[in-house]
Amino acid sequence: VQLQASGGGLVQPGGSLRLSCAASGSIFSINDMRWYRQAPGKQRELVAAITSGGTTNYADSVKGRFTISRDNAKNTMYLQMNSLKPEDTAVYYCYAVILFSRGSSGYYWGQGTQVTVSS
């Protein structure tokens with residue numbers, strides 16, 4: 001199983017970016033999916049989460065600006081980030097709980113994608 005994160009880049013304050021995280025491999029289904037971020041010198045923090053049923057949860061710092069979504073048919077998760085601020089600068093990681101047809105499960109991390117908000 002592999003999680004491939006993409007969509008990061010350099011954007012000016014107030015701008016937008018859309019991150020994607022695609023899961024591939026012998027996947028039966030995907031349970032929870034999450035986005036984390038880690039800024040230099042800081043601990044990794046949870047940004048947003050979404051269950052298989054579509055229930056979402058956000059960090060207070062991004063509520064009203066970020067929207068998490070998923071396409072279960074494509075095993076893909078998204079993070080629409082609007083009104084970006086310099087403090088959103090970080091490496092963004094995706095995380096997923098994968099269910100396999102044998103009944104087992106495991107959690108996986110993507111490789112991270114850099115988001116830089118700067119003028």
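Are Asp 88 and Arg 65 buried or exposed? In this predicted model, Asp 88 is buried, and Arg 65 is buried as well; here buried stands for under 20% relative accessible area, exposed for over 50%, and partly exposed for values in between, with a 1.4 Å probe and protein chains only. Residues are numbered from 1 along each chain as its sequence is written, and side-chain values use heavy atoms, with hydrogens and water left out. Because the model is predicted, local features need pLDDT of at least 70 and side-chain atom pairs count only at pLDDT 80 or more, while totals for chains, interfaces and linings use all residues.

Side chains of opposite charge can pair when their charged atoms come close. A salt bridge is counted when a side-chain nitrogen of Lys or Arg lies within 4 Å of a carboxyl oxygen of Asp or Glu, and by this rule the count comes to 5. One of them joins the side chains of Asp 88 and Arg 65, with N and O 2.7 Å apart. This pair links distant parts of the chain, 23 residues apart: Asp 88 sits in the loop between strand E8 (76-81) and strand E9 (90-99), and Arg 65 in the loop between E6 and strand E7 (66-71). Strands (E, at least two residues) and helices (H or I, at least four) are DSSP runs, numbered from the N terminus. Both residues also belong to a network of salt bridges that links Arg 37, Glu 45, Arg 65 and Asp 88.

Other charged pairs can be found too. Arg 34 forms a salt bridge with Asp 32, where the closest N and O atoms are 3.9 Å apart. Arg 34 is partly exposed, at a relative accessible area of 22%, and Asp 32 is partly exposed at 24%. Lys 63 and Asp 60 meet through their side chains at 3.1 Å, N to O, and Asp 60 is exposed, with a relative accessible area of 66%.

Next come the strands. Strands of a sheet pair through backbone hydrogen bonds, either parallel or antiparallel. Two strands are taken to pair if DSSP finds at least two bridges between them. Strand E4 (residues 29-38) and strand E5 (residues 45-50) run antiparallel and are joined by 5 bridges. Their hairpin has 6 residues between the strands, and Gly 41 takes a positive phi near 75 degrees there. E5 is also joined to strand E6 (residues 56-58), antiparallel, by 3 bridges. The hairpin of E5 and E6 has 5 residues between the strands, and Gly 54 in the turn has a positive phi of about 100 degrees. Ala 48 in E5 stands opposite Trp 35, and its bridge partner in E6 is Tyr 58.

An open sheet is formed by 4 strands in the order E1-E3-E8-E7, with antiparallel pairing. Strand E1 (2-6) and E7 stand at the edges with a single partner strand each, so one side of each is left without a neighbour in the sheet. Strand E3 (residues 17-24) and E8 are joined by 6 bridges and run antiparallel; the bridge partner of Ala 22 in E8 is Thr 76.

Gln 4 lies in strand E1 and is partly exposed, with a relative accessible area of 41%. Leaving aside residues up to four places away in sequence, Gln 4 touches Ser 20, Cys 21, Ala 22 and Gln 111, where contact means heavy atoms within 4.5 Å.
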